[in-house]
Amino acid sequence: MNNSDTSIYINGRIFTADDENPHADSMIVSGGRIRWVGKQEELPETQGTVVDLNGRRVIPGFVDAHMHPVMLADFSKQITIMPPAVNSIEDLVQAIRERRESQGPDRWVEGWGYDEQSLLEKRSPNRHDLDRGCSDAPVCLMRTCAHIRCVNSRALEMAGIDRNTPDPPGGEIERDENGDPTGVLKENARNLMSGLIPAVPEEQKVQNLLDLGKLLTSQGITAICDMGNLDPSDNIPIYEKAAEKGFHQRVGVYYMWDFFADDQTFDIPKERLDKDRQIFAAGLKLIGDGSISGRTAWMDEPYYGSDNEYGISTCSDELMESAIAFCRSHHCQLSMHAMGSRAIARMVDRAAREKNWMEDGTPYVRIEHVTEPKEESLERAADSGIAFITQPIFPYAESASYLKNLGAERLKKCYPFRHVLEKGVKTGFSTDAPATFWAVPSDPFPGLKLAVTRKSYLGADCGADQAIDIETALKLYTRESAQIAGFHDMGMLAPGYRADFAVLNEDILKTNPEDIDKICVVQTYIDGELVYQKED
């Protein structure tokens, strides 16, 4: 073996995520791919550049199989409604006031990330609060789950929403005791703002995405899935332009079917479905219900403190059937958001009636989030090859809301990672960034910590009996997520796979589990190229 672009990595602690060869200390990379991995004493005679890893831990690059990167990139320019900057509704009012003063009249004031349980007042903001910050321009805030908007009186007026406006199917316009809108728009009601909020110019979107790409490489994230927008825009051209300017991650893009189902001209060109492209179309996304933290996930048991509050079903049978038909005919994947047990059962039961229509081994259906799944749903998913993508960052970062909405005992059981794996359901990890209450929501390490410790950021007990070991957790965030998302040559450090890997400052396999969230990436490689180097 003799190649001018060959690199020989030695003296590392390499976790490969390959069950046939899980641990190594050396590897050979050429042409952007792993050519050999093993023990240094067995290293083939090779010409190339020798790179000493200095005993550091190496892992495959993280594959975040469920996030909203364009939204995250754009949100980063808005008001961040989280500690330490915002701890109360009064802090939020002041932040809105300052943003209005800095940008002038008539422009939308936007923010993201609030969770009422994190606010001093322990309640959601409403239009009256927002009006105190700004009454002469529209204000729109996105809750952390991205399933609920809070808007001021000016925005309600622009949207034509008043006490006589009916709730849209699968949505709720929250109303006060007099029947007037509070400004809180839940689930499909949040879409009543669509078309009113000015779009971010394309050039700015590209630059925002480039900035986000740098953050992702610093976190060791080498591939991502974009799970769609809250409007009918197409993200693929944005990614392609960003890639021309140095965006490194590989991206599978999903189209939110709610916004395309009625468009008779919508199609996904066959060339976009080619998974050898850096940016490819992966399939469609359906929203079946809401979120636990917003009390809108569709559950079998009522929410804590209520006898009749079960959440909201947001997807019609007609919409589901049209999505299945499209994906079947195009041989692309169907992603189904189903957080609550009732939504999970509905989605799994319907999907299990289909045969796998994918032609490349990728699961034909993936269920997103998966909280409190029933035994029948687990068994049916395992038997049918339906995959789960879940987010350990949710209970870690949002335990205050989960305790309020589910209670302490259900919090321990609502994310049964170990049991799901024991039942044979193919499962991957992700963050759903920015839709979680965490200031840097794409960071993979807090989620890994929760999976291993089952303790939340605030110390809440999330069920120690469902803990998994760190090697399993890493596989779910690399190899398994890659396979579920269709990145078939990623997620492992094995011959023929892409040379995408991260070098860590600490040995994550030996670190005290309580300190996993303190680990950081010192180098990230994509296709064998060093794309991130931590400054000393």
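Tutor: Helices (H or I, at least four residues) and strands (E, at least two) are DSSP runs, numbered from the N terminus. The model is predicted: local features need pLDDT of at least 70, side-chain atom pairs count only at pLDDT 80 or more, and totals for chains, interfaces and linings use all residues. Residues are numbered from 1 along each chain as its sequence is written, and side-chain values use heavy atoms, with hydrogens and water left out.

Student: Which residue follows helix 11, with a positive phi?

Tutor: Helix 11 spans residues 399–406. The residue after it has a positive phi, near 90 degrees, and is Gly407.

Student: Which strands stand at the edges of the open sheet?

Tutor: The open sheet has 8 strands with parallel pairing, in the order 8-15-16-17-18-19-20-21. Two strands pair if DSSP finds at least two bridges between them. Each edge strand has a single partner strand, so one side of it is left without a neighbour in the sheet; the two are strand 8 (62–67) and strand 21 (427–429).

Student: What is the bridge partner of His337 in strand 19?

Tutor: Strand 18 (residues 333–338) and strand 19 (residues 365–369) run parallel and are joined by 5 bridges. In strand 19, the partner of His337 is Glu368.

Student: What angle does the direction of helix 15 make with that of strand 21?

Tutor: Helix 15 (residues 470–477) packs on the sheet, touching strand 8 and strand 21; contact means heavy atoms within 4.5 Å. Axes are lines fitted to C-alpha atoms, for helices over the stretch in contact, and angles run from 0 to 180 degrees between N-to-C directions. The angle with strand 21 is about 90 degrees.

Note on methods:
Buried means under 20% relative accessible area, exposed over 50%, partly exposed in between (1.4 Å probe, protein chains only).
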